[in-house]
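Here are a few notes to read alongside the model, written as numbered points. Please have the viewer open as you go through them.

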Amino acid sequence: MGILIGILPAIFWGILPLWLQKVGKGTFRSQLLGTTIGIVFVAAAIHVICGYQLSTVNWVLFALSGFCWSFGQAGQYYCYTHLGVSVTMPLSTALQIIGNSIIGGLFFGEWEGQRDIVISLVALVIIVVGVYLTNGKGTASPNAKPRDYVILVLSTAGYWLYSAFPLMASVDNKLQGFLPQSLGMLMSAFLIGFFSYREIVDGATVRNISSGLIFAVAASTYLIAMSMIGMVNAFVLSQLNVLVSTLSGAIVLKEAAGKGKIAYLAVGLVVLIAGAALMVTA
């Protein structure tokens with residue numbers, strides 16, 4: 001059951017990039033703010049319906065988690081436009097899997113014994129190979145610059161902390177912290193858009209509330225999966241969203257023209273998924 005729940009975030013996170021480009025549109029700032037507003041609506045409803053109670057310490061930890069997430073998400077939204085979805089997603093996925101696996105596996109003790117560590121490290125190598133194959137066949141935006149790749153790499157640290165802070169919280173179910181986490185997301189989204197307020201006070205921000213509803217389903221099921229199967233397994237499974245998002249970017253958004261490039265994308269994704277599957281069995 002835990003593995004099935006762990007796959008749900010992958011489906012909804014995989015749909016999100018295409019939804020943003022086709023429906024939400026706008027700048028990365030309006031996309032981010034609209035998304036966080038939608039997330040808060042869902043998180044507040046869950047919190048009230050379930051009657052969750054949190055200590056001050058746990059509230060702060062989840063709020064910090066969400067605060068860091070917005071910086072990671074802003075970098076990814078920015079790169080959807082400047083690098084392309086089919087280039088951004090595989091590279092972002094690899095960085096997230098590697099970082100979160102090491103944090104959860106080594107620092108929080110989810111890798112138990114030498115066997116787990118060896119298998120997990122081999123899986124990470126396979127994942128990197130899969131991403132190289134996939135990312136090398138995606139077509140970056142003609143205006144892509146080296147700094148765009150730097151922004152993607154640096155902003156990924158926000159995703160690492162997004163997953164790490166909930167592991168420090170003492171709660172029965174990580175979903176209990178969804179509301180403070182969403183409020184942290186909203187706060188940092190406002191800060192990111194504060195000096196470009198004209199970009200966030202428009203129709204795109206309103207349209208992207210629907211993006212937040214999609215993300216909220218993924219984020220809430222991810223928190224549940226973390227409680228059931230641990231951070232490493234939950235995160236690796238959730239990042240199979242790259243299968244949906246990369247292929248949709250290549251085919252629907254036409255970021256990889258020709259059957260040859262799509263075939264290379266498919267091979268890279270198969271290798272990446274194989275590495276993820278090995279990681280889960282560790």
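1. The axes of helix 3 (residues 56-82) and helix 7 (residues 178-193) cross at roughly 45° and come within 6 Å. Axes here are lines fitted to C-alpha atoms over the stretch in contact, with angles from 0 to 180 degrees between N-to-C directions. The crossing of helix 3 past helix 7 is right-handed, that is, the near helix is turned clockwise from the far one by less than a right angle.

2. Which residues of helix 3 and helix 7 meet? On the helix 3 side they include Trp-59, Phe-62, Phe-67, Trp-69 and Phe-71, and on the helix 7 side they include Leu-183, Met-185, Met-187, Leu-191 and Ile-192. Contact means heavy atoms within 4.5 Å. The residues of this contact divide into 15 nonpolar, six polar and no charged; Ala, Val, Leu, Ile, Met, Phe, Trp, Tyr, Cys and Pro count as nonpolar, Asp, Glu, Lys and Arg as charged, and the others, Gly among them, as polar.

3. A word on the source: this is a predicted model, in which local features need pLDDT of at least 70 and side-chain atom pairs count only at pLDDT 80 or more, while totals for chains, interfaces and linings use all residues. Residues are numbered from 1 along each chain as its sequence is written, and side-chain values use heavy atoms, with hydrogens and water left out.

4. Now the whole chain. The protein chain has 13 helices and zero strands, counted as DSSP runs (H or I, at least four residues, for helices; E, at least two, for strands) and numbered from the N terminus. Of its 282 residues, 54% count as buried, meaning under 20% relative accessible area with a 1.4 Å probe. Among contacts with a separation of 6 or more, 89% join residues 24 or more positions apart.

5. Ser-211 sits in helix 10 (residues 209-229) and counts as buried because its relative accessibility is 0%. Leaving aside neighbours within four places in sequence, Ser-211 is in contact with Leu-16, Trp-19, Leu-20 and Thr-35.

6. Lastly, Lys-25 lies in the loop between helix 1 (2-24) and helix 2 (28-50). Lys-25 has a positive phi of about 55° although it is not a glycine. With a relative accessible area of 44%, Lys-25 is partly exposed, the class between buried and exposed (over 50%).
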